[in-house]
Structure formats: C-alpha cells, structure tokens
Amino acid sequence: IRLISTVRSMLVKELMNEDPLIVSLETPLEEAVSKMADAKSSCLLVVSKQQPVGIVTERDVTTLFSEVLAGKGDLNKKVEEVMTTEPVCVTENSLFKDALMLSRSRKLRHLPVLNDQDLLVGIVTQTNLVDAYAGLVDKQDELESSVEQLKLLSLEDPLLRIGNRRAMEVDLSFTEADAIRNH
C-alpha cells in the first residue's frame, strides 16, 4: 500500500535534472553540439526568455550529419534551424506516473520541466524515469520480503519460539486435507 501511495504522490521535481544544457536561438550548431559532447548529454534545450522554444536531441544531430554525408546538408547552421520546435513539457508538480505515461505514449526521451510561471526549471530524461521506476521496483521487492517475514513471525510465539495457535490451525488444515486425499 505504501508503494502505491509513493507512486501516486511522487512529483517530477523529485527526479528532474535541475541544470539542463541550454542555448539561445542564435547559437551556432557547432557550439551546441560541442556543448552536448562535453557534457555527455543526449539533448539541449533552446530557450528564449527562460521559456523552452525548442530542443536539440541526438536524433536531430544524427539526421543533420546523415544529410551532410549525403551531400544535402550544411553544418553551418544555427540551432533554430535544426531544433525540434514546441517541445512537450511537464510542470514540476506533475506526477511521476503522468510524466512516464506521456513519455511512453509520445515516445519522448526528454521532457522539459516548467514551474508555475511557465519558466524552465529542469528536464526529465528517460534515464530519470527509468531510475525512478527501478527504485520503486526495489522498494516493492523489499516490501514483499517484509510481508513474507511478517507472515512467518505471525505463526511463532515470540517467547517460546514455537508455533502458536495460528500455526497449529494452518498445520491442522494441511493435515485434514492430506487425510481427505488419502482416505
């Protein structure tokens, strides 16, 4: 039950990266790609007045490089010519579950995070979502293990370290079932 309430109440601001890579519309693409490489980041956000107006992802860069290799593209561009416009955003008070479903349904790996004034405060990546989900699975495993341990403890008298009445009833029901099976 605790895990379910944790999932229902976990907010995006608890798992987002608070320091995303950002550039302006006029930033040369070469500089933006260098920034991504230096930070080992899969994306960077394009902002204007602290509001996200676009996003440049590995996919955008790969597409451009394949065009250049095919002789159809040019690397001397600004990020605004390459970016994906109107990025899908979430608010910092959005639920983890909602961000996960949005990411999954739209096949997005990066979700810019906005505050109540629609200003950029961070980014949630697929890695953040997977890490949070993995943490929840670990908690679930711990809870299941604790439940099993409590079940065993509930069958034992704590002072005498022998089976209690509940254990006797369980044993009697098994014995009765065995007697019925074997006539």
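Guide: The core and its surroundings

The largest nonpolar core has 14 residues, and those with the most contacts inside it are Val 12, Leu 15, Phe 96 and Val 124. A nonpolar core here is a set of buried Ala, Val, Leu, Ile, Met, Phe, Trp, Tyr and Cys residues joined through side-chain atoms within 4.5 Å. Buried means under 20% relative accessible area, exposed over 50%, and partly exposed in between, with a 1.4 Å probe and protein chains only. At least two residues of this core come from each of α4 (96–106), β6 (110–114) and α5 (126–153). Helices (H or I, at least four residues) and strands (E, at least two) are DSSP runs, numbered from the N terminus.

The model is predicted: local features need pLDDT of at least 70 and side-chain atom pairs count only at pLDDT 80 or more, while totals for chains, interfaces and linings use all residues. Residues are numbered from 1 along each chain as its sequence is written, and side-chain values use heavy atoms, with hydrogens and water left out.

Leaving aside neighbours within four places in sequence, Leu 15 is in contact (heavy atoms within 4.5 Å) with Met 10, Phe 96, Val 124, Asn 128, Leu 129 and Ala 132. A second, separate core has 13 residues, among them Leu 25, Leu 29, Ala 32 and Val 61.

Next, the sheets. Three strands form an open sheet with mixed pairing, in the order β5-β6-β7; two strands count as paired if DSSP finds at least two bridges between them. At its edges are β5 (90–91) and β7 (120–125), each pairing on one side only. β6 and β7 run antiparallel over five bridges, and Pro 112 stands opposite Ile 123 in β7.

The other open sheet described here has four strands in the order β1-β2-β3-β4, also with mixed pairing. β1 (22–23) and β4 (84–85) are the edge strands with a single partner each, so one side of each has no neighbour in the sheet. β1 pairs with β2 in the parallel sense over two bridges, with Ile 22 opposite Leu 45 in β2. Strands β2 (residues 43–48) and β3 (residues 51–57) pair antiparallel over six bridges, and Val 46 has Gly 54 in β3 as its bridge partner. Five of the six residues of β2 are buried.

Finally, the charged pairs. The whole structure holds five salt bridges, a salt bridge being a side-chain nitrogen of Lys or Arg within 4 Å of a carboxyl oxygen of Asp or Glu. One of them joins the side chains of Arg 109 and Glu 58 at 3.5 Å, N to O. Arg 109 lies in the loop between α4 and β6 and Glu 58 in helix α3 (residues 58–69), so this pair ties together parts that are 51 residues apart in sequence. Arg 109 is partly exposed at 38% relative accessibility, and Glu 58 is partly exposed at 37%.

Another salt bridge links Glu 148 and Lys 151 at 3.7 Å, N to O. These two residues are three apart in helix α5, which means a separation of about one helical turn. Glu 148 is partly exposed at 45%, as is Lys 151 at 48%.
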